[in-house]
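Please study the sequence and the three-dimensional structure shown below. The paragraphs after them begin with the whole protein and then turn to single elements and residues.

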Amino acid sequence: MNNMNLIPVYPEIFLLIATSAILLIDMFLPDAKRVITYLLSLLALVVCAVLTFTNYASGETVYTFSNMFVSDPLSSLLKLFSYLAIGLTLIYARQYNSDRAIVGGGHLGGEFYALALFSLLGQMVMISGNSFLSIYLGLELMSLSLYALVALRRDNVGSTEAAMKYFILGALASGFLLYGISMLYGATGSLELNDVFRAIVSGTVDRNVLVFGIVFVVAGLAFKLGAVPFHMWVPDVYHGAPTPMTLLIGGAPKLAAFAMVFRLLVEGLLPLAIDWQQMLMVLAVLSIIIGNVTAIAQTNIKRMLAYSTISHMGFMLLGMMSGVVDGNLFQAVNAYSSSLFYAITYVLTTLGTFGVILLMARSGFEADTLDDFKGLNQRSPWFAAIMLILMFSLAGIPPMVGFYAKLSVLQAVLGTGQIWLAVLAVVFSLVGAFYYLRVIKNMYFDEPADNAKITASFDVRIALSLNGLAALVLGLWPGHLMDACTNAIVTTLATFLSKVIAT
């Protein structure tokens, strides 16, 4: 312990202490003063962001905890956007939780903030994991917190059912992942990603055992991403969970999922890319086709966005599978940075979309059907315009950031020479544009089904406005974010490979 470098872990240590303190403080707060819990949670995120940005600005890669934990530009960048995602979720959810404060004899208040922060802690451990063990530990901390969050409204049948499905299928996914990891550990004799990489390159490991383990690992990853054919939990959980919990599942965890895919497949199992690339291709194609086609039939906007998520995860996997082509390092950097850019911009857009849904909800009313968006332009032209930008971005229509994100992934796919795959992705993106444009049609061309005034606190108005405008500004000037993604990927890969070679 005396020789252990704790500086890279300061954000995680602080968040653990702060979350425990917030949970204790909330126990003694009356309902009227629960805003203190909210403010303390946001303050904890700000402090974590400052600590993480210090690591990011240094540009250094530091391994600690016996090489089980790594702080590098990729981890710092993903953590910063995870803080942003959780912070926006807390801001958007505050009024919703306040309107539904008394639930089954309990309170939908302090527990929400504590569990959200604990899920963030799990995501941070996943993002910085350099060992099968630490990645799995972070995954379980995140997942257990999310299971509890979905079940928090224990008087609601839909919420309880969603929590049971999420828990059972999540446990199954964890079992797949753990079994695959055990196979890889048995074959290579190590849990550390550097050693696994080195053992595979040495050629002394039975390849059949490795491929068998990869199948289970990829299946577990596909469950966590919600990729077809392991997507069955996504629409039911998105629909049944309270909307803030849906946002917690569909937002920041996608960044941690990208990190898990990158750490396990690229850093740990890159020598076996020819095997897992084919699996990712099948997952990506099925997700894009089934996600977009099935979303058309949905009348509940949360279920529609669930199938939309499945298709977007397919696009992210397209980038991940396009990275290794005949040892072309430029192609690898381009593909992985495009996938990272896609994940970040998708999360930002999803946050704003669910923010509008939460804005329209009120006590006793969920605003979760497409008909609830009829005439939104007449009720609130500004927030209708924000939703318009976000729908255009999700559909991949220029000049929104979603267009540039899809374009960068498609360029990476074309770099592999698989033109048919890029054409298929474009065709089904056009199919997917239908259900996004249907929301816009309801907002601008239909009479409102409900003329109730839309009210929002100052912090929600500012956050939602900035969130929506970011989708436009990043689409017009995507260079800075793309450069940050590229630099993170280049530095991380270069440092990892140099460490493997040096040892």
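**From the whole fold to single residues**

The secondary structure of the protein consists of 20 helices and four strands; helices (H or I, at least four residues) and strands (E, at least two) are DSSP runs, numbered from the N terminus. The radius of gyration is 22 Å, close to the 23 Å that the globule rule gives for 503 residues, so the protein is as compact as a globular protein of that length. This radius is taken over C-alpha atoms, and the globule rule is 2.2 Å times the number of residues to the power 0.38. The model is a predicted one, in which local features need pLDDT of at least 70 and side-chain atom pairs count only at pLDDT 80 or more, while totals for chains, interfaces and linings use all residues. Residues are numbered from 1 along each chain as its sequence is written, and side-chain values use heavy atoms, with hydrogens and water left out.

Along its principal axes, the C-alpha trace spans about 70 × 55 × 40 Å. Of the 503 residues, 60% count as buried. Here buried means under 20% relative accessible area, exposed means over 50%, and partly exposed lies in between (1.4 Å probe, protein chains only). The accessible surface comes to about 18,500 Å², and carbon and sulfur atoms account for 69% of it; such areas come from the Shrake-Rupley method with a 1.4 Å probe, and for residues only the protein chains shown count as cover. Among contacts with a separation of 6 or more, 81% join residues 24 or more positions apart, where contact means heavy atoms within 4.5 Å.

Helix α4 (residues 110–127) has 18 residues and reaches 26 Å from its first C-alpha to its last, close to the 26 Å expected at 1.5 Å a residue; the expected span is 1.5 Å times one less than the number of residues. Of its 18 residues, 17 are buried, so α4 is largely enclosed by the rest of the structure. In helix α7 (residues 193–202), the buried residues include Leu193, Val196, Phe197 and Ile200. Gly203 follows α7 and has a positive phi, near 80°.

Not counting residues up to four places away in sequence, Leu78 touches Ile127, Leu255, Phe258, Ala259 and Leu340. The C-alpha atoms of Leu78 and Leu40, 38 residues apart along the chain, are separated by 22 Å.

Most residues other than glycine have a negative phi, and most peptide bonds are trans. In the loop between β1 (62–64) and β2 (69–71) lies Phe65, whose phi is positive, about 55°, although it is not a glycine. Phe65 is partly exposed, with a relative accessible area of 31%. Asn67 lies in the loop between β1 and β2, and its phi is positive, near 65°. Its relative accessible area of 23% makes Asn67 partly exposed.

Where are the cis peptide bonds described here? One runs from Val228 to Pro229, with omega near 5°, and Pro229 is placed in the loop between α8 (207–225) and α9 (233–240). A cis peptide bond also joins Pro398 and Pro399, with omega about 10°; Pro399 is found in the loop between α16 (381–395) and α17 (401–414).
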